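Here's a quick tour for anyone who wants to know where to look before setting up a calculation. Have the viewer open and follow along.

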Amino acid sequence: MCIFCNLIEGKIPSTKILENDNFLAFEDINPQAKIHALIIPKVHIQSFNEMTPNVMSEMTTFIQEVALTLGVKSDGYRLITNIGQNGNQEVQHIHFHLLAGEQLGRLV
Ligand code: 5GP
Ligand code: ZN
């Protein structure tokens, strides 16, 4: 079972930010900004390549709720999902990084 599936089941501890029946948001163990959340579906989907429009649609609403919960919606934030080898995806369970809480450096 993958590391994030274990985390969903509580076999690995995490600091939860928001949860519903289908999604979980928790703090990244190695934060790259003052606020660094990871947002995942509870169903195991490897990456954005395997994502379906239905799950993505629900996840959009959940991510917006996470931004509201963290109080970063108006000041702004960045969403990143790394995909595959060239994308430097380390955990093979799709996750969105939400980075916020400070002025972020420009990437693109
Ligand atoms: P990726 O490189 O796959 O896009 O990102 C994986 C992220 O998962 C990294 O930012 C890493 O710090 C985080 N991570 C890996 N293992 C754990 C863990 O056990 N707990 C938490 N909270 N984050 C983790
Ligand atoms: Zn998984």
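## A side chain that grips backbone

The side chain of Q89 gets to the backbone oxygen of V91 at 2.9 Å. Keep in mind that what you're looking at is a predicted model. You'll find Q89 in the loop between β4 and β5, and with a relative accessible area of 8% it is buried.

Now look at N88, which is also placed in the loop between β4 and β5. Buried or exposed? At 60% relative accessibility, N88 counts as exposed. Its backbone is worth a glance as well: most residues other than glycine have a negative phi. For N88, phi is near 60 degrees, a positive value in a residue that isn't glycine.

## The zinc site

Which atoms hold the zinc ion (ligand 2)? The coordinating set is SG of C2, SG of C5, ND1 of H44 and ND1 of H93, at 2.1 to 2.3 Å. The angles among these 4 donor atoms run from 101 to 118 degrees, and the site is tetrahedral. Four donors count as tetrahedral if all angles lie between 85 and 135 degrees, so the 101 to 118 degrees here pass that test.

Read along the chain, the donors follow the spacing C-x2-C-x38-H-x48-H. C2 and H93 link distant parts of the chain, being 91 residues apart. C2 sits in the segment before α1 (3–8), while H93 is in the loop between β4 (78–80) and β5 (96–100). Both C2 and H93 are buried.

## Around ligand 1

There are 16 residues around ligand 1, and the ones that come nearest are D28, N82, E90, H95 and H97. Three of these have polar contacts to go through, each with an oxygen atom of the ligand. N82 uses a polar side-chain atom, 2.9 Å from an oxygen atom of ligand 1. H97 also brings a polar side-chain atom, this one at 2.8 Å from a ligand oxygen. E90 does it with backbone: one of its backbone N or O atoms lies 2.7 Å from an oxygen atom of ligand 1.

How much of ligand 1 does the protein cover? On its own, ligand 1 has 520 Å² of accessible area, and the protein covers 85% of that.

## Two aromatic pairs

The structure holds 2 aromatic pairs. A pair of aromatic rings is described by the distance of the centres and the angle of the planes. Start with F4 and F26: their ring centres are 5.5 Å apart and their planes stand at 80 degrees, so this pair is edge-to-face. Since F4 lies in helix α1 and F26 in strand β2 (residues 23–27), the pair ties together parts that are 22 residues apart in sequence. F4 is buried, at 6% relative accessible area, and F26 is buried as well, at 2%.

The other pair is F23 with F62. Their ring centres are 5.5 Å apart, but the planes are at 25 degrees, so this one is stacked. With F23 in strand β2 and F62 in helix α2 (residues 53–70), the pair ties together parts that are 39 residues apart in sequence. F23 counts as buried at 3% relative accessibility, and F62 is buried with a relative accessible area of 2%.

P41 lies in strand β3 (residues 35–41) and counts as buried, at 1% relative accessibility. Where does P41 stand relative to F96? The two are 55 residues apart along the chain, and their C-alpha atoms are separated by 9.7 Å.

K42 has its place in the loop between β3 and α2. With a relative accessible area of 24%, K42 is partly exposed; under 20% would have been called buried. K42 and F4 are 38 residues apart in sequence, with a C-alpha to C-alpha separation of 8.6 Å in space.

Definitions and conventions: Residues numbered from 1 in each chain as written. Chains lettered and ligands numbered in written order. Predicted model: local features only at pLDDT ≥ 70, side-chain atom pairs only at ≥ 80, totals over all residues. Heavy atoms only, no water. Donors = N, O, S within 2.8 Å, 3.2 Å for Na, K, Ca; no water. Tetrahedral: all angles 85-135°; square planar, octahedral: opposite > 155°, others 65-115°. Helix = DSSP H or I, 4+ residues; strand = E, 2+ residues; numbered from the N terminus. Buried < 20%, exposed > 50% of the residue type's maximum accessible area, 1.4 Å probe, protein only. Near = heavy atom within 4 Å. Polar contact = N/O pair within 3.5 Å; in protein donor to acceptor, adjacent residues only side chain to side chain. Areas by Shrake-Rupley, 256 points an atom, 1.4 Å probe, with all protein chains shown as cover. Phe/Tyr/Trp six-rings, centres within 6.5 Å; stacked < 30°, edge-to-face > 60°.
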